[in-house]
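Here are some notes to read alongside the model. Please keep the structure open while going through the points.

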Amino acid sequence: MNVELLQYNPDCEKIVAAAAKLCYSSSQIDGILSGLDTEKTVNFINRLMSMGHESPIEHISFTFGIEGISRSLLAQITRHRIASYSVKSQRYVNEGQFEYVIPKEIESDEKAKAIFIKAMEDDEKTYNELCEILSQKHYNAFIAEGIDEKKAKSRAEKKAIEDARYVLPNACETKMIATFNARSLINFFHHRCCERAQWEIRDLACKMLELVKEVCPTIFRVAGPKCVSGQCPEGAMTCGKMAEKRKLFLGQE
């Protein structure tokens, strides 16, 4: 898995502080950023977050480049709807030699790993066979319609992979660009940095949190699973590791 922070708002915390300042003062827009030095910005944001006034942090956004993840993870992350996603298409990109993600528990067991890899190889073979059969079928149909050979071949291949992709596994590797505003990101971290989240998306969430903490340390100071800043919401299903998680995410002993 590779995760990069591709873009974010410059002076992101200052923008949030300015938005909050506007809510609580009669400041004019042309002077809203004046006087907001580092100390005042940090104090403003800390006060804001302690009050639970989160709407101002929606004014800043973060764009991530993510690769080496599975289609299984894709199905999970897109449930976070207040975000924008662009994903490598299996409809337009041939997956004839697809990469795949091996789950950790399977990776650690040689017998399970061998079975898993065999399944991936079989899927790849089936996919390629279907592409070949369907491409020839569509090519013949396009030629019969009077389409020239070059266009017929290109269209046939694209149409073939559109249906052949149905045999591809959840493990199939994909890439995406994802953009979240800060408020949506904090909600994402609450759910996906939690010990009870599925391992792959938890790994992704923790990597994303590390990146945004570097550029917005005040806003994301207590970001992570909900237990790092309050009580665990999982009830009887809690992992029981609150102290461990606070040490991990907050550096608390």
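**Notes on the core and the sheet**

1. In this predicted model, the largest nonpolar core has 43 residues. Those with the most contacts inside this core are F62, F64, L185, F189, I219 and F220.

2. Which elements supply at least two residues each to this core? They are the strands β1 (2-8), β2 (61-70) and β4 (173-181), together with the helices α1 (12-24), α2 (38-51), α3 (71-77), α7 (182-192) and α8 (199-215). The most comes from α8, which gives seven residues.

3. Apart from neighbours within four places in sequence, F64 is in contact with residues including V3, L5, M176, A178, L185, M208 and V212.

4. The sheet comes next. Its four strands form an open sheet in the order β1-β2-β4-β3, with antiparallel pairing. Because β1 and β3 (83-87) stand at the edges with a single partner strand each, one side of each has no neighbour in the sheet. From one strand to the next, the twist averages 20 degrees.

5. How many bridges join β1 and β2? The two strands pair in the antiparallel sense over six bridges. Y8 has F62 in β2 as its bridge partner.

6. Two helices pack on the sheet, as follows. α7 touches β2 and β4, and its direction makes about 125 degrees with that of β4. α8 touches β1, β2 and β4, and its direction makes about 150 degrees with that of β2.

Key:
Residues numbered from 1 in each chain as written. Predicted model: local features only at pLDDT ≥ 70, side-chain atom pairs only at ≥ 80, totals over all residues. Heavy atoms only, no water. Core = buried A, V, L, I, M, F, W, Y, C linked by side-chain atoms within 4.5 Å. Buried < 20%, exposed > 50% of the residue type's maximum accessible area, 1.4 Å probe, protein only. Contact = heavy atoms within 4.5 Å. Pairing = 2+ DSSP bridges. Axes fitted to C-alpha atoms, helices over the stretch in contact; angles between N-to-C directions.
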